[in-house]
Amino acid sequence: QVQLVESGGGLVQAGGSLRLSCAASGRTISWYPVAWFRQAPGEDREFVASISWSGDSTDYRDSVKGRFTISRDNAKNAVYLQMNSLKLEDTAAYYCALDLRFFSSDLTPSRRSGEYDYWGQGTQVTVSS
């Protein structure tokens, strides 16, 4: 069993920055792709960014490219999302998710939420004007 715990959310003014963390316990996530998703009230959950096990493959939704950076520290069993130049529309609950289908693969991870096996409880990011 894997537990994923997100942290680092909060209230920030537009243009500000936050760094989200996803800490895993129960098993190592080092060999597997991890993604960040987000969900705003009344909206569907949407893909934000993903990273392969090695970090060599990353993927971002268009609206966050150039502003968000996903990274991982396999020694710490953790994944991060650095969010800069935050906008009002970035307000959402952010979730990290683990895909156990691909061991040690540098294929671009999936953008489909249904293909992820484990999820954290989420951390709220609120961007104010």
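This is a predicted model: local features need pLDDT of at least 70, side-chain atom pairs count only at pLDDT 80 or more; totals for chains, interfaces and linings use all residues.
A residue is called buried when its relative accessible area is under 20%, exposed when that area is over 50%, and partly exposed in between.

The overall architecture comes before the details. The protein chain contains 0 helices and 11 strands, so that, read from the N terminus, its elements run β-β-β-β-β-β-β-β-β-β-β. The radius of gyration is 14 Å, close to the 14 Å that the globule rule gives for 129 residues, and the chain is therefore as compact as a globular protein of that length. Along its principal axes, the C-alpha trace spans about 40 × 30 × 25 Å. Of the 129 residues, 45% count as buried.

The strands may now be considered together. Four of them, in the order β1-β3-β8-β7, form an open sheet with antiparallel pairing. β1 (3–7) and β7 (68–73) stand at the edges of this sheet; each has a single partner strand, and therefore one side of each is left without a neighbour in the sheet. On average, neighbouring strands here are turned by 15° against each other, direction ignored. The pairing of β1 with β3 (residues 18–25) is antiparallel and extends over 5 bridges. Within this region, E6 stands opposite C22 in β3.

The next topic is the interior. In soluble globular proteins, nonpolar side chains tend to be buried together. In this model, the largest nonpolar core has 28 residues, and W36, L81, M83 and Y94 are those with the most contacts inside it. At least two residues of this core come from each of β3, β4 (34–39), β5 (46–51), β7, β8 (78–83), β9 (92–98) and β11 (123–128). A second, separate core of 5 residues includes A35, F37, F47 and A97.

Which residues are in contact with L81, leaving aside its neighbours within four places in sequence? They are L18, R19, L20, W36, V48, A49, F68, T69, I70 and Y94.

Attention now turns to the loops. N77 lies in the loop between β7 and β8. Is N77 buried or exposed? Its relative accessible area is 13%, and because the limit for a buried residue is under 20%, N77 counts as buried. The phi angle of N77 is near 55°, a positive value in a residue other than glycine.

The loop between β9 and β10 (118–119) holds S104. Although S104 is not a glycine, it has a positive phi of about 55°. S104 is partly exposed, with a relative accessible area of 32%.

D106 also has its place in the loop between β9 and β10. At 34% relative accessibility, D106 counts as partly exposed. Not counting residues up to four places away in sequence, D106 touches S52, W53, S54, D56 and S57. D106 and S71 are 35 residues apart along the chain, and their C-alpha atoms are separated by 14 Å.

Definitions and conventions:
Residues are numbered from 1 along each chain as its sequence is written. Side-chain values use heavy atoms; hydrogens and water are left out. Two strands pair if DSSP finds at least two bridges between them. Helices (H or I, at least four residues) and strands (E, at least two) are DSSP runs, numbered from the N terminus. Axes are lines fitted to C-alpha atoms, for helices over the stretch in contact, and angles run from 0 to 180 degrees between N-to-C directions. The radius of gyration is taken over C-alpha atoms; the globule rule is 2.2 Å times the number of residues to the power 0.38. Buried means under 20% relative accessible area, exposed over 50%, partly exposed in between (1.4 Å probe, protein chains only). A nonpolar core is a set of buried Ala, Val, Leu, Ile, Met, Phe, Trp, Tyr and Cys residues joined through side-chain atoms within 4.5 Å. Contact means heavy atoms within 4.5 Å.
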